[in-house]
Amino acid sequence: MRLNMLSAAGREIPDSIAGRKTVAPYRGPFASGPAGPRAPMPASCSRPGENKTLANLKEAIQAVGLKDGMTVSFHHHLRFGDRVTNMVLDTIREMGIRDLKFTVTGPHPVDDLFANYIEDGVITRMEHGFIVDELGPILTRGLLREPVTIRTHGGRPRAIEAGELSIDVAFIAAPCVDRFGNINGADGTSRCGSLGYAMADAQYARRVVAVTDSLSQAPLTRISIPGTQVDHIVCVDNIGDSSKIATGAIRSTKNPRDILIAQEIAAAVEASGLVRDGFSFQAGTGGVSLAVTQLVAGIMQREKVHGSFLLGGITGSTVSLLEQGFFDAIYDVQSFDLDAIASLGSNPRHVEISASYYANPHNKGCAVHGLDVVILSALEVDTKFNVNVLTGADGVMRAGPGGHPDTAAGAKLTIIGTPLLHGRIPAIVDDVITVVTPGETVDVVATEYGLAVNPARQDLLQSFKQARLPVVSIQELKARAEQMAGTPKRPEFTDEIIGVVEYRDGTVIDVVRQPVAWAGR
Amino acid sequence: MKIVRNGQAGTLESGDVMVIVSPRSPEAGAQLELEVHSIVEAQYGEEIRRVVRETLSELGVVDARVTIQDRGALDYCIRARVEAAAHRATAADGEK
Amino acid sequence: MMIATNAKERIRRSMLFVPGNNPSMIQTCPIYGADTIILDLEDSVAPSQKDAARRLVVHAVRELDFAGAEIAVRVNPPDTEDGKRDIEALKHVDVQVLLIPKAETPEYVVGVDRQLGDLPTALIPMLETPAGVLRGSEIAASCGRVVAIAFGAEDYATSMGIQRTKAGREVFTARCLVAMAARACGVAAIDTVFVDVNDEEGLAADTREAISVGFEGKLSINPRQVETINREFTPTAAQIDRARRVVEAYEDGIRRGLGAIALDGKMIDMPVVQRAQTVLKMAKAAGCDGAGGERE
């Protein structure tokens with residue numbers, strides 16, 4: 001008999017969940033520390049003159065001893081251009097290896113083949129950061145043997161370092177490798193910039209295979225993942241479609257509603273008083289975020305403020321702020337466009353960092369804890385300021401936390417920018433379907449109908465009122481959304497758990513249950 | 001209001017709805033045949049059907065086939081598009 | 001006929017056109033802070049969609065919350081079948097103002113006045129041809145419903161057979177005539193649209209030019225223009241301060257029964273007082289009427 005516990009976000013969590021050793025409910029953003037020391041890193045033995053390069057993936061899979069039931073990991077730095085994952089999984093299937101646990105660091109393309117790996121029993125369990133494309137419906141059908149574990153960008157390296165996510169083989173798509181196995185992401189034809197999310201996998205996986213289309217004859221001078229962690233190198237024709245790895249410059253929005261939201265957010269940032277010398281800032285790569293970044297730079301110029309660092313997913317527009325001298329440095333865990341990739345490879349102030357340094361709370365420090373301001377988005381926010389960035393209005397997993405909970409917990413000021421309605425669906429609700437980022441780490445919700453301030457931040461409310469910003473209550477926003485769109489029918493759920501949402505510290509903040517409409521499909 | 005030909009109104013743009021009102025074969029008794037496709041079916045499917053039926057009833061349309069392709073339109077828009085399509089489907093060409 | 005008493009007093013710094021057959025634009029338009037929203041049934045609606053747009057606008061006005069903005073509709077030319085149907089359909093909903101396109105004669109406006117009967121709807125004729133501009137004062141004075149006249153430079157240039165330029169030298173005279181006609185008849189003058197939506201500086205300069213010859217508001221075709229237009233029509237802190245002192249000195253003088261009133265050694269006559277009152281009205285609309293925070 002399963003007993004239900006309550007997470008501090010008010011969600012019922014069963015005391016046992018298939019595939020998990022322990023279930024500790026979320027107790028607060030900084031309430032749970034590490035359970036003990038880190039897991040041991042693998043040790044190995046090499047001899048002079050050894051050659052790490054193997055002829056093909058099959059040889060590598062044999063060499064690392066991959067067997068039924070093991071855990072394999074991949075990274076998402078090649079984004080929608082990635083070819084390595086399918087290449088490796090196809091070889092694994094051909095070799096008859098089954099029942100694997102599959103884990104990727106972030107949003108990763110899913111093609112038609114993916115369902116087949118699950119239906120064929122090659123993949124039976126997953127630990128994932130982000131659900132895209134057809135994966136949501138696949139998981140919602142309940143085809144995995146265990147619920148998928150959803151982790152944040154900081155929570156994943158934490159879980160690896162704590163030994164909670166134990167990886168047998170990491171297959172690392174490597175844009176450039178030398179014969180010693182040193183890897184970087186800034187060179188090669190399939191270059192992607194930072195390899196920050198792959199670093200913990202390389203350090204802790206029992207065996208590591210670098211898959212590359214660019215084997216450098218000269219030793220690399222710029223190293224993201226050192227050869228000390230790499231067992232084997234496999235050369236293939238092409239690790240990715242470069243047109244889908246990095247886009248051209250990502251542009252700011254021209255949508256007047258989004259510009260209005262961005263203007264409101266920038267005014268709120270200014271009114272908070274945080275834009276002063278030493279200012280640090282993170283905004284995403286969406287249109288609103290890019291517009292906010294430009295507007296904040298305008299404020300810095302006008303007020304003659306010199307910033308400290310820019311963080312997170314980096315684009316050409318953040319790079320240009322570094323080059324114009326607005327900030328001292330960029331800490332880059334993921335490079336989003338060609339300008340960002342070029343800058344990472346050439347500008348010493350543009351620094352590649354690991355996901356663990358980016359956002360893992362169980363370190364002696366992490367970059368998000370030094371943030372002044374972060375601008376984030378949401379699928380829905382509730383009147384307790386809890387944010388859902390995972391499940392759609394139909395209860396199907398469609399996105400993921402990324403660094404959302406990490407940056408919200410770390411920054412002095414966390415602003416969620418969202419239109420009041422996504423299409424017809426209200427973005428402000430009484431209770432979000434899934435709590436991913438707890439309301440106690442969210443300060444402001446910005447919509448085209450005004451700014452709602454978390455009642456815990458009376459100081460901000462005062463500053464905003466003094467600056468005559470359009471302040472409204474979160475209840476007013478919710479009422480306005482429903483007045484415009486009508487009250488949406490919420491999905492009903494079975495008791496079947498299909499996803500476990502881990503907070504960054506490893507506690508369970510919420511679970512995803514199967515929508516009734518999907519049961520038995 | 002008697003439906004004598006196909007009347008179509010609205011678009012497939014986001015936030016709009018395309019409505020087609022057509023005559024039914026005269027043999028079967030008078031009734032409304034409603035076909036709704038919506039990107040927000042799960043959240044608003046019932047509300048959309050209610051608004052469509054209510055609008056048709058106000059117009060006095062009792063015998064028609066109505067196809068709705070909804071892209072997240074709000075109720076006011078659904079009403080306006082159903083009205084326009086129904087009027088376009090009548091002999092008097094729709095205008096008061 | 002009686003138009004609503006506040007219709008003449010109302011501030012219309014920014015008047016935002018919204019295409020009448022576009023539901024997403026209609027339902028988001030209240031957020032941009034335009035003083036007046038103009039749901040457009042004329043140029044932005046294809047001839048085949050006039051009926052659908054008319055119904056959409058009628059339902060929008062009846063059912064949506066426009067957050068305190070004044071609601072206007074630009075109807076099709078009232079001498080066309082579509083124009084007549086527009087006016088007829090809009091009689092049943094709470095539209096505060098109708099914009100009458102391509103007004104060239106006072107009779108044209110009087111026709112609409114009659115069609116509206118007892119309704120309190122106000123009118124803004126648009127002067128978009130040389131003929132209309134030259135008869136501006138007659139059109140402005142044609143009936144009591146007219147609260148403003150608006151200049152339409154694009155159609156004006158077309159009928160003149162001339163090219164529009166950003167500097168606008170070619171429409172300077174026409175602008176002045178429209179502003180003069182409005183002043184002469186005690187109604188407001190509303191300036192033409194500025195078509196380059198990406199040129200914020202150009203829009204600001206064009207708005208300042210309009211203000212300098214006597215316009216009190218400006219038409220806009222893109223929500224992104226509203227903020228700039230409102231800002232340009234907002235008096236500076238120094239202007240507000242000066243206006244407040246003028247009005248105070250005048251009221252004080254009246255109280256004390258003075259014949260000639262002076263401020264800082266200069267005479268204040270009635271036109272000076274009226275200008276000061278307009279400045280304060282604009283300041284109030286912009287939300288900087290002395291609640292603090294605007295003085296820099």
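Residues are numbered from 1 along each chain as its sequence is written, while chains are lettered from A and ligands numbered from 1 in the order in which they are written. Because the model is predicted, local features need pLDDT of at least 70 and side-chain atom pairs count only at pLDDT 80 or more, whereas totals for chains, interfaces and linings use all residues.

**First stop: a sheet in chain A**

Select residues 380-382 of chain A, which form strand β19 (helices, H or I, of at least four residues and strands, E, of at least two are DSSP runs, numbered from the N terminus). In the open sheet of three strands, the order is β20-β19-β24 with mixed pairing, and β20 (387-388) and β24 (428-429) are the edge strands, each pairing on one side only. Strands β19 and β20 of chain A pair in the antiparallel sense over two bridges (pairing requires that DSSP finds at least two bridges between two strands), and here A:Glu380 stands opposite A:Asn388.

**Second stop: chains A and B**

Now show chains A and B together, where eleven residues from each chain take part in the contact (two residues are in contact if their C-beta atoms, placed from the backbone, lie within 7 Å). On the side of chain B, helix α1 (residues 41-59) gives the largest share, five residues, and by class this side has five nonpolar, three polar and three charged residues (Ala, Val, Leu, Ile, Met, Phe, Trp, Tyr, Cys and Pro count as nonpolar, Asp, Glu, Lys and Arg as charged, and the others, Gly among them, as polar).

Finally, turn to chains B and C, whose contact takes 16 residues from chain B and twelve from chain C. On the side of chain C, α1 (23-28) and α2 (50-63) each supply at least two residues, with the largest share, seven residues, coming from α2 of chain C.
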